[in-house]
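Take a look at the model below.

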Amino acid sequence: MLSAAAKRLEAQELIAAFTLALLPAAPATAQSAPAAAVAPDPAVRTRADALVAILGGKPGYDAAFAPVFKAAVPAERFAALTRQLRATLGEPRRVERIDPIGRWAALATIAYDRGSATMRLALAPAAPHAITGLLVTGTALHGDTAAKIRADLAALPGTVQLGIYPLDGGAPVLEVDGDAPAPLGSAFKLWVLAEAARQVAAGDIRWDTVVPVGTPSLPSGILQGWPAATPVTIQTLATLMISISDNTATDTLLTALGRERVDAMAARYGGRGPVLTTREAFVIKGDPALTAAWASGDAARRSALLAAQAPRIAAAALDPLMFSSGPLANTSVEWFASARDMARLLGALRDAGPVVRGVLAINPGVDPATAARFAYVGFKGGSEPGVIALDVLAQAKDGRWYAVCASWHRRDGTVDEATFLPLVTRALSLVAG
């Protein structure tokens, strides 16, 4: 017989399978910026309304879903996964909200007896507009509590940190190992944003200062495909770095600001220098000898290593499939800070001015239904095999500000955004007011 923790883990794994399997096309991730809202075709609402009964176990699967979907998710598996949702949330009752993300796609919030599920729904443009993709992007339970979220976090394999911090004083609403340094992935880019804001405030640079695009890194992003030395502004680099996690924009901005200054900013918020560019991290992770040297070195030796290897790092051909076999040095060649440190950083960014708050808000990270419950939501995430970090700056509609900072990592296994993001969304929802 399964223990309570094992049952929770089994439920989370099934829901993760549901969220991954039900969208044959690639889903939007926490790193991708949301599409501009346009009016959905009426067929989107029609399909969403019909979907409620199907989610409740009623007939309709064959007619509602396109062949590409049914090939990826056979009826038996769909039925098992929707039963698991009902076991958690109760019976589905109605479409509570539709947020368009294109003419043929929307986020549909389905009200259940004990909560709600937000689903990314995509239809075929050709009649009869069958469903081609379905992805659960978040769930919410009525009467959810910090204790329930803590228990669900404890059921995850690997190491988890999460904190919900009031930024204007008061004890954490929830904290799990909040003082333990954890790998950040691309969330380290918040250090770079903070240093850019500091230099602008000091008059050292302006947001409209123009610099050339530097040496390309691997995606995510778009600048890696732009012509060498294309002139761009500091604000453009910061915007791409945060909103779509553009790695080449990050490296260009970090270099323009100066590594020593970025190192000093990182040190204020729990980081240790030298702060790697993304290209440096990729090259070092891909070379066992460099990985070992980095892991065993102190700050001075790491700085010397980067100086000695600079020509090689600049010229190296980066392998876009380097992570295909799983995690690579995600507890050594990384960027680290605790949830408490990241919350302090988000508090400083809140106070850094309208440009910074605007940049953070372009991609709010959470689904529109959750974001709509707040006066403001800003976000930066980070992920690679074995690592996911999610950092949210939010202002409740009563004016109170919060930071929700979370990470999950495993040295030898995968972590799943589709499992972790709903937990972080639930944590955020505790302070919606």
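Among the elements that cover the buried residues of α10 are α7 and α9 (247-257). The model is predicted. Helix α10 spans residues 259-268, and its buried residues are Val262, Asp263, Met265 and Ala266. These residues cover an arc of only 165° around the axis, so they lie on the same side of α10. Glu260 and Arg268 sit on the other side of α10, and they are exposed. After α10 comes Gly270, whose phi is positive, near 90°.

Helix α15 can be read in the same manner. Which residues of α15 (residues 354-361) are buried? They are Val356, Val359 and Leu360. Their arc around the axis is only 95°, which puts them on the same side of α15. Several elements pack against the buried residues of α15: the helices α7 (189-202), α8 (234-243) and α14 (339-350), and the strands β11 (374-384) and β12 (387-396).

| α10 (residues 259-268) | Val262, Asp263, Met265, Ala266 | 165° |

Now turn to α7 and α8. Their axes come within 10 Å and cross at roughly 155°. Angles over 145 degrees count as roughly antiparallel. The crossing therefore makes α7 roughly antiparallel to α8. The crossing in which α7 passes α8 is left-handed. On the α7 side, Lys189, Leu190, Val192 and Leu193 make the contact.

Tyr61 is placed in helix α3 (residues 61-64). Is Tyr61 buried or exposed? Buried means under 20% relative accessible area. Tyr61 has 10% relative accessibility, so Tyr61 counts as buried. What is Tyr61 in contact with, leaving aside its neighbours within four places in sequence? The contacts are Ile54, Phe69, Lys70, Val73, Pro74, Ala75 and Phe78. Leu51 gives one distance to check: Tyr61 and Leu51 are ten residues apart in sequence, and their C-alpha atoms are 8.7 Å apart in space.

How values were computed: Residues are numbered from 1 along each chain as its sequence is written. This is a predicted model: local features need pLDDT of at least 70, side-chain atom pairs count only at pLDDT 80 or more; totals for chains, interfaces and linings use all residues. Side-chain values use heavy atoms; hydrogens and water are left out. Buried means under 20% relative accessible area, exposed over 50%, partly exposed in between (1.4 Å probe, protein chains only). Helices (H or I, at least four residues) and strands (E, at least two) are DSSP runs, numbered from the N terminus. The arc is that of the directions from the helix axis to the C-beta atoms. Contact means heavy atoms within 4.5 Å. Axes are lines fitted to C-alpha atoms, for helices over the stretch in contact, and angles run from 0 to 180 degrees between N-to-C directions. Angles under 35 degrees count as roughly parallel, over 145 as roughly antiparallel, 65 to 115 as roughly perpendicular and the rest as oblique. A crossing is left-handed if the near helix is turned anticlockwise from the far one by less than a right angle, and right-handed if clockwise.
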